[in-house]
Amino acid sequence: MASLPFDQVTAQSSPPAIDPEAIYHGPFSSDEIRLRIATGGAGQSGLLKALADAFIDEHVRATGCAPFAVSWLKSDTAFSFNSLAQGAADLSITYHPAAEQIALDQGFVARKVYAWRDHFMLVGPQSNPASLSSSPATSITDLFAQLFRASVHNNSGVRFLSRYDRSATHVKESLIWALLGQAPWADTSTGNLYHRFPSFPFQALEEAARSGEYTLVDRGTWWGVEEWVRERMKIYMEAHDSDRNPILLNPAHALVGTWSKNKDIASAFADWMAMDTGGQKVVARFTVHGQVLYTKAPLDSSA
C-alpha cells in the first residue's frame with residue numbers, strides 16, 4: 001500500500017522523475033524507455049535484467065512494434081508502492097500480499113500477477129556465537145528465541161542486523177519477533193542485539209558479514225552477493241516450496257499501475273510474466289554461481 005496522504009494517491013499530471021539504476025535494451029539499441037519497473041533485490045541479483053531483455057526481444061518480434069528499453073527503478077517494497085501511486089513507475093515487483101491487496105483497494109494498482117517465489121534464510125557468522133540449534137525439528141521461531149536468550153546472557157557477542165526500512169524482509173523479521181511476543185527494536189534489556197541498518201539487500205548482507213551478525217535474507221540475495229560474504233557466514237535455516245509452514249516463503253507479484261503512462265506495455269509484461277513459455281521459463285532457468293535463485297509461481301496463486 002502507499003504511505004502517502006490519501007489525496008496524493010491519485011493520478012499526477014507530472015509524476016516525480018526517478019533516475020534509473022539501470023536500463024535494459026534486449027538485443028536492440030533503442031533508448032526509448034517504455035516500461036519503468038520499481039523493485040529491489042531482483043534488480044541486484046540480475047533476474048530483472050534477464051526478464052527485461054527476454055521480454056523486449058519476444059515482444060518486439062511477436063508484435064512488430066519498434067524496439068524499446070526497460071528501466072529499473074531501484075527501490076524496496078514500500079517505496080515501490082509509492083512510485084506506482086505517484087505514476088513514477090509503470091510496474092512494480094513487490095513481496096507483501098496484504099499490502100498488495102490494500103494497494104488494489106486504494107485504486108492505484110490495476111492488477112497483480114504472481115511472478116515467482118523467493119525464499120528467506122536465517123544466516124549468521126560461522127562461529128555461531130548464539131549456539132543456534134541445527135536440529136531438523138527446530139523452527140524459525142525457535143531460532144529467533146535462541147537469539148533473544150543468547151543476547152540477554154551475552155549481549156556483547158550476539159547481534160541481529162535488521163534492514164529497518166519497511167522492506168518485505170524487515171516486515172517478515174518483525175513478524176517473527178512479534179510471534180515470540182518480542183520487539184527488540186524497543187527493548188533495552190537485549191543490549192546490542194538489534195542493529196538497525198537501513199539499506200538495500202546486498203549492502204545489508206555485506207554489513208552482517210563484516211560485523212559477524214545474524215540476519216534474515218532472501219535466497220536471491222544470498223547467492224547474488226560476492227563469494228567472501230558466504231565464506232564468512234552460514235545458513236541456519238532456509239525455506240523450501242514444500243514447507244508445511246510457509247512463513248519463510250517470499251512470494252513476488254508484478255503490479256501494474258493504474259496511472260502508468262505505459263500501461264499497455266506494463267500489462268503485456270504482466271501477461272508474459274505469467275506464461276510458462278515467457279517469464280516463468282526465465283525464472284526457472286536463471287542461475288547465479290550455478291545456483292537456481294528463484295522458483296516458478298505456483299499453480300495456486302493464493303499459495
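Predicted model: local features only at pLDDT ≥ 70, side-chain atom pairs only at ≥ 80, totals over all residues.

Reader: Good to know. How many cavities of 30 Å³ or more are there?

Author: The general idea comes before the count. Rolling a probe the size of a water molecule over the atoms shows where empty space is left. In this structure there are two cavities of 30 Å³ or more.

Reader: What is the volume of the largest cavity, and which residues lie nearest its centre?

Author: The largest cavity has a volume of about 170 Å³. Its lining has 18 residues, and those nearest the centre are Gly-41, Thr-77, Tyr-95, Arg-163 and Pro-201. Two elements give two or more residues to this lining: helix H3 (77-85) and helix H6 (168-179).

Reader: How do the residues of that lining divide into nonpolar, polar and charged?

Author: For the largest cavity, five are nonpolar, nine are polar and four are charged.

Reader: And what about the second largest cavity, which elements supply its lining?

Author: That one has a volume of about 60 Å³. Helix H7 (201-211) and strand E8 (214-218) each supply at least two lining residues, and E8 gives the most, with four. Among the residues of this lining are Leu-161, Thr-169, Ala-204 and Val-217. The lining divides into six nonpolar, three polar and two charged residues. If you want a link between the two cavities, look at Arg-163 and Pro-201: they belong to the lining of the second largest cavity and also lie among the residues nearest the centre of the largest one.

Reader: Now the rings, please. How many aromatic pairs does the structure hold?

Author: There are 12 aromatic pairs. To read a pair, look at the distance between the ring centres and the angle between the planes; planes under 30 degrees apart count as stacked and over 60 as edge-to-face, with the rest tilted. Take Trp-185 and Tyr-194: their centres are 5.7 Å apart and their planes stand at 55 degrees, so this pair is tilted.

Reader: Are those two residues buried or exposed?

Author: Trp-185 is partly exposed, at 28% relative accessible area, whereas Tyr-194 counts as buried, at 6%.

Reader: Which residues form an aromatic cluster, and where do arginines lie over a ring face?

Author: Phe-55, Phe-68, Phe-269 and Trp-272 form one cluster. Arg-34 lies over the face of Phe-68, 5.8 Å from the ring centre. Arg-196 lies over the face of Tyr-164, at 5.0 Å from the ring centre.

Technical notes. Residues numbered from 1 in each chain as written. Heavy atoms only, no water. 1 Å grid on protein atoms, 1.4 Å probe; cavity = no way out; pocket = protein on both sides within 12 Å on 5 of 7 lines; lining within 4 Å. Points joined across faces, edges and corners; volume = space filled by probe spheres on them. Nonpolar A, V, L, I, M, F, W, Y, C, P; charged D, E, K, R; others polar. Phe/Tyr/Trp six-rings, centres within 6.5 Å; stacked < 30°, edge-to-face > 60°. Buried < 20%, exposed > 50% of the residue type's maximum accessible area, 1.4 Å probe, protein only. Lys NZ or Arg CZ within 6 Å of the ring centre and 35° of its normal.
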